[in-house]
Amino acid sequence: NIGRVPLANKVATVAHAYQHHHIRDDGSHFVSKKGYGDYDMKNMKRIHEFLDQAGVFFLATEDGRQARVRPLGAHIEMDGKEYFTVGDFKAVYRQMTENPLVEIVAFTPKDRKWLRYTGRAVFEENKAVQEKVFEILPHLRKAYSEESGHKMMIFTLKDATARIIDMAGNEEMI
């Protein structure tokens with residue numbers, strides 16, 4: 001079964017016979033040797049370290065026909081996955097449940113490179129991740145409590161691609 005899914009970063013993916021052909025907006029393409037979104041521990045570590053280096057990164061969603069981008073900083077690497085959080089009371093959570101295709105973009109000024117991490121947001125209950133976030137950012141414990149009525153929503157990206165791009169436009173798929 002062949003499908004084409006337009007993504008926010010102008011890359012489409014066509015899956016055929018367990019190979020994944022990525023087609024850029026300019027018509028050029030490349031084939032990933034691994035399954036789309038199959039990241040090993042080494043690649044997840046590179047994504048995590050890039051996000052750490054950047055400090056602040058940006059999450060892009062869609063609100064109807066309008067793009068929305070907001071800064072984030074909290075991310076946790078655990079059990080070979082990269083986890084992110086948003087509040088259940090925020091518009092971003094509603095947008096992600098209506099259209100889970102998102103993109104995370106980070107920039108490291110020192111290296112002058114950016115990361116595009118694109119995929120489908122999948123929310124999951126994970127108390128271990130939540131406790132780790134509270135350990136790192138204790139002020140969030142009060143924001144996301146029974147008292148506040150707000151819940152921290154934890155997500156990972158599935159069916160994802162990650163690219164590191166330099167200022168000359170050279171891309172490295174990771």
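Which residues make a nonpolar surface patch of about 270 Å²? I looked and found V56, F58 and V69. I note that this is a predicted model.

**Entry: the patch**
I placed V69 in strand β6, residues 66-72. Its relative accessible area is 56%. I count V69 as exposed, because the cut-off for exposed is over 50%.

**Entry: aromatic rings**
I found 6 aromatic pairs in the structure. I picked F84 and Y117, a tilted pair. The ring centres are 6.4 Å apart, with 50° between the planes. F84 sits in strand β8 (residues 81-87) and Y117 in strand β10 (residues 113-124), so the pair ties together parts 33 residues apart in sequence. Buried or exposed? I got 0% relative accessible area for F84, which is buried. Y117 is buried too, at 2%.

**Entry: salt bridges**
My search of the whole structure gave 12 salt bridges. I looked up R94 and D63, whose side chains meet at 3.3 Å, N to O. R94 is in helix α2 (residues 91-98) and D63 in strand β5 (residues 57-63), 31 residues apart.

Next I took D159 and R120, with the closest N and O atoms 2.9 Å apart. D159 lies in strand β11 (residues 152-166) and R120 in strand β10, 39 residues apart. D159 is partly exposed at 37% relative accessibility, and R120 is partly exposed at 33%.

E171 is partly exposed at 32%, whereas R163 is buried at 5%. I also noted that shared partners join D63, R68, R94 and E98 into one network of salt bridges.

Definitions and conventions:
Residues are numbered from 1 along each chain as its sequence is written. This is a predicted model: local features need pLDDT of at least 70, side-chain atom pairs count only at pLDDT 80 or more; totals for chains, interfaces and linings use all residues. Side-chain values use heavy atoms; hydrogens and water are left out. Patches are made of residues with over 30% relative accessible area and no salt bridge: like charges are joined within 9 Å, nonpolar side chains (Val, Leu, Ile, Met, Phe, Trp, Tyr) within 5 Å. Accessible areas come from the Shrake-Rupley method with a 1.4 Å probe; for residues, only the protein chains shown count as cover. A salt bridge is a side-chain nitrogen of Lys or Arg within 4 Å of a carboxyl oxygen of Asp or Glu. Helices (H or I, at least four residues) and strands (E, at least two) are DSSP runs, numbered from the N terminus. Buried means under 20% relative accessible area, exposed over 50%, partly exposed in between (1.4 Å probe, protein chains only). Rings of Phe, Tyr and Trp (its six-membered ring) pair if their centres lie within 6.5 Å; planes under 30 degrees apart count as stacked, over 60 as edge-to-face and the rest as tilted.
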